[in-house]
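Please open the structure in your viewer and keep the selection tool at hand.

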Amino acid sequence: MTYLAEVRNIIKSYSLPGQAPVTPVLNDISLEIPANASIAIIGPSGSGKTTLLNILGTLDKPGSGEVFIEGEPLASLDDDQLAGIRNSRIGFVFQLHYLLPQLTLLENVLLPLLPVKDRLKRSAATGRAGQLLELTGLAEKSHRRPGELSTGECQRAAVVRALINQPALLLADEPTGSLDTENAALMTSLLNTLKKEENLAMVVVTHSPELASAMETCYRLRSGKLEKA
Ligand SMILES: Nc1ncnc2c1ncn2[C@@H]1O[C@H](COP(=O)(O)OP(=O)(O)OP(=O)(O)O)[C@@H](O)[C@H]1O
Ligand SMILES: [Mg+2]
């Protein structure tokens, strides 16, 4: 069976210059992500959750083991090909939203289209941005800059930006980390709506029990190992 994404027996260690090798952060981890799955990853601070997400998202490479996106082994791809997959198949939501302060919300969510030359695609994406901003309750504010919006609104805009190129896989690192209870609940239901409407698979790293339990499967990362929670 081909999974949307898969990591097989990955090991990742960080060694600091001049220091002895440390115990691996990820120690022989395998994870299969079927299309349209929703997965939560929980675990203590420093257990390697972001490291695993970055490897899944082709932003980082494991020391050993294999990563596949749609059956393609990433080790066989060069940097341009990896960037292509990252831009077209994967959407990221980082813990800090990284919206650009000088751009409006609409301009921010359209940023991933910068490398896209095709005018038809660009105008379709502008329409899509409008729909997604509507769905996330941001339509009225699409011409404001991030400084004129709440943290929850910026975080929702970051989700729209991650989805603008219609990725198959959404990776979100603590998407409710900086939100209050009410906004966290909004984000949780937004992710569930998007999963249904966009036919998305998502892997969400979270400390929130509510968000974790809203996902179909939950794993815990601890002492380098991943286990079903
Ligand atoms: N570039 C790096 N160089 C050296 N060590 C690193 C580097 N990045 C992460 N680490 C170490 O690897 C471990 C895992 O880090 P990671 O960021 O994946 O943890 P995390 O589970 O996401 O934690 P948190 O919940 O605090 O975000 C930590 O001990 C961290 O200090
Ligand atoms: Mg982290």
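Which polar side-chain atom lies 2.7 Å from an oxygen atom of ligand 1? It belongs to Lys49. Before going further, please note that this is a predicted model, in which local features need pLDDT of at least 70, side-chain atom pairs count only at pLDDT 80 or more, and totals for chains, interfaces and linings use all residues. Residues are numbered from 1 along each chain as its sequence is written, chains are lettered from A and ligands numbered from 1 in the order in which they are written, and side-chain values use heavy atoms, with hydrogens and water left out.

**First stop: ligand 1**

Select ligand 1 together with the residues around it, that is, those with a heavy atom within 4 Å of the ligand. Among them are Tyr14, Leu16, Val25, Pro44, Thr50 and Thr51. This shell divides into four nonpolar, seven polar and one charged residue. In this grouping, Ala, Val, Leu, Ile, Met, Phe, Trp, Tyr, Cys and Pro count as nonpolar, Asp, Glu, Lys and Arg as charged, and the others, Gly among them, as polar.

Next, display the polar contacts (pairs of N or O atoms within 3.5 Å; within protein, one must be able to donate a hydrogen and the other to accept it, and residues adjacent in sequence count only if both atoms are side-chain atoms). At Ser47, a backbone N or O atom lies 3.2 Å from an oxygen atom of ligand 1. At His207, a polar side-chain atom lies 3.5 Å from an oxygen atom of the ligand. Taken alone, ligand 1 exposes 640 Å², and the protein buries 58% of that. Such areas come from the Shrake-Rupley method with a 1.4 Å probe; for residues, only the protein chains shown count as cover.

**Second stop: Ser208**

Move on to Ser208, in the loop between β8 (201–205) and α7 (209–213). Helices (H or I, at least four residues) and strands (E, at least two) are DSSP runs, numbered from the N terminus. The side chain of Ser208 reaches the backbone nitrogen of Leu211 at 3.0 Å. Ser208 has 15% relative accessibility and counts as buried; buried means under 20% relative accessible area, exposed over 50%, and partly exposed in between (1.4 Å probe, protein chains only).

Now select Phe92, Phe94 and Tyr98, which ring pairs link into a cluster. Rings of Phe, Tyr and Trp (its six-membered ring) pair if their centres lie within 6.5 Å; planes under 30 degrees apart count as stacked, over 60 as edge-to-face and the rest as tilted. A search of the whole structure finds two aromatic pairs. Phe92 and Phe94 form a stacked pair, because their ring centres are 5.5 Å apart and their planes stand at 5°. Phe94 and Tyr98 are edge-to-face, because their planes stand at 75°, with the centres 5.9 Å apart. Phe92 is buried at 14%, Phe94 is partly exposed at 32%, and Tyr98 is exposed at 53%.

**Last stop: two backbone angles**

Most residues other than glycine have a negative phi. Select Glu174, in the loop between β7 (169–173) and α6 (181–198): although not a glycine, Glu174 has a positive phi of about 50°. Then select Asn199, in the loop between α6 and β8, where phi is positive at about 55°.
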